[in-house]
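Please read the points below alongside the sequence and the model.

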Amino acid sequence: MIYLDYNATAPLSESVQEYVKNQMVNDWANPSSEHDAGYILNQKIKKDRAVIAEFLGVSTKGLFFTSGATESINTVLSVDTLKKNGIDTIISSRLEHHATLHRLKYLEKQGFKIEYVGNSNQGIIDFSELENKLASNKGKALASFLYVNNETGTITDVKKVVELCHENDCLVHLDAVQALGKLQFDLDDIDPDFASFSGHKIGALKGIGLLYCSDVKKVSPYIYGGGQESGIRPGTSNYPAIHSFRLAIDDVDWDKNVELEKLRDEFEKEYLALNSDFRINASDSPRVGNTSNIYLGGREAREVLLKLSREKIYVSTGSACSSGSIEPSHVIQELGFEKEVAKSSLRLSFGSHLICKSLIEQLSNTLA
Ligand code: PLP
């Protein structure tokens with residue numbers, strides 16, 4: 001199998017596999033229990049949170065475990081959190097993940113004003129439009145942007161976004177799911193008010209995510225219950241999933257990422273040489289090294305995907321939540337391309353299993 005869909009989900013990292021096979025069965029206690037079995041896990045959660053906080057460059061006080069990035073995003077964009085901060089306007093882009101876009105549609109129905117900032121055909125947001133929108137909504141807007149686009153790999157200059165937001169007394173949330181483990185960053189230095197992360201994109205178990213808040217007073221819980229996660233995210237702590245997140249963080253390998261980027265670039269060069277109609281979407285933007293969004297020169301992407309799938313090469317036509325639906329990628333269309341281009345684009349997101357030569361061979365056979 002050649003798995004090229006890491007942006008949808010990653011296979012369990014080596015340490016997580018080891019943990020699942022040998023250790024996880026012992027970690028069944030409720031970490032909130034007062035007896036030793038619970039207390040020990042509670043202490044282990046503290047350690048895991050500290051390791052993740054150090055990796056992100058923030059204090060443990062602002063990190064809350066959730067069920068995934070969808071929940072973290074929905075908590076930041078909840079009516080209660082927005083009202084708590086006097087927010088009546090959300091500024092975002094149409095390139096966002098559906099976890100944000102669909103939430104924004106809901107908020108619009110609840111009476112919030114939603115302002116979308118335009119973007120270039122490389123997926124770079126229009127900073128002067130952002131600045132104008134922030135200036136006309138001083139003190140009452142929250143901006144929410146992807147750090148790294150899940151379909152094209154485009155990196156947003158989030159430090160600039162945060163600076164503009166704060167200059168205008170506005171709050172800012174970053175969907176940093178696809179940046180984690182792919183880009184080296186210091187969250188404290190970027191300084192967003194909120195950020196969302198997901199464990200399974202880097203090899204942790206599914207069902208574990210993180211919400212970062214620079215100040216816990218800025219967030220309201222989305223659900224109510226016990227006092228877990230300081231009451232911000234109640235519910236019995238999922239220790240095995242939390243620990244898997246920490247182990248996946250331990251397994252992040254920056255040298256491997258550099259290698260991956262070289263292989264991706266090599267792949268793209270060879271791919272473009274196959275046919276003069278082929279293109280790489282958003283390839284002139286700053287991108288993370290594992291993602292390649294290829295235009296197939298008019299060939300139906302779904303047909304190519306299914307053909308590759310029969311040959312055990314797994315790619316995607318967009319984000320996993322929308323693949324399977326007949327709608328072509330909203331991101332490619334928002335780059336300004338016709339629907340036909342979106343229908344003829346595939347996302348390849350590489351991980352450690354990239355086998356460049358055989359992939360090129362298989363792709364050229366499939367497309368021939
Ligand atoms: N944001 C981005 C950019 C994503 O790629 C994903 C996953 O597809 C999500 C949010 C949602 O993450 P989760 O699966 O943890 O809910």
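1. Buried is used here for a residue under 20% relative accessible area, exposed for one over 50%, and partly exposed for anything in between, with a 1.4 Å probe and protein chains only as cover. Helices (H or I, at least four residues) and strands (E, at least two) are DSSP runs numbered from the N terminus. On these terms, the buried residues of helix 5 are His98, Ala99, Thr100, Leu101, Arg103, Leu104 and Leu107.

2. The model is a predicted one, in which local features need pLDDT of at least 70 and side-chain atom pairs count only at pLDDT 80 or more, while totals for chains, interfaces and linings use all residues. Residues are numbered from 1 along each chain as its sequence is written, and side-chain values use heavy atoms, with hydrogens and water left out.

3. Helix 5 covers residues 98-109, and its 12 residues reach 16 Å from the first C-alpha to the last, which is close to the 16 Å expected at 1.5 Å a residue; the expected span is 1.5 Å times one less than the number of residues. After helix 5 comes Gly111, which has a positive phi near 100 degrees.

4. Which residues come nearest to the ligand? Among the 13 residues around the ligand, they are Thr70, Asp175, Gln178, Ser198 and Lys201, where a residue is near a molecule or strand if one of its heavy atoms lies within 4 Å of it. The shell is made up of 4 nonpolar, 7 polar and 2 charged residues; Ala, Val, Leu, Ile, Met, Phe, Trp, Tyr, Cys and Pro count as nonpolar, Asp, Glu, Lys and Arg as charged, and the others, Gly among them, as polar. Helix 3 (residues 69-76) gives the most to this shell, with 3 residues.

5. A polar contact is a pair of N or O atoms within 3.5 Å; within protein, one must be able to donate a hydrogen and the other to accept it, and residues adjacent in sequence count only if both atoms are side-chain atoms. Oxygen atoms of the ligand lie 2.8 Å from a polar side-chain atom of Gln178, 2.9 Å from a side-chain N or O atom of His200 and 2.6 Å from a side-chain N or O atom of Lys201. The ligand taken alone exposes 400 Å², of which the protein buries 89%, the areas coming from the Shrake-Rupley method with a 1.4 Å probe.

6. Thr75 belongs to helix 3, and with a relative accessible area of 3% it is buried. Beyond its neighbours within four places in sequence, Thr75 is in contact (heavy atoms within 4.5 Å) with Thr81, Leu211, Val219, Ser220 and Tyr222.

7. Ser329 sits in the loop between strand 11 (313-314) and helix 12 (330-334), and is buried, with a relative accessible area of 7%. Its side chain reaches the backbone nitrogen of Ile332 at 3.1 Å. Not counting residues up to four places away in sequence, Ser329 touches Glu151, Thr317 and Ala342; from Thr317 it is 12 residues away in sequence and 7.1 Å in space, C-alpha to C-alpha.
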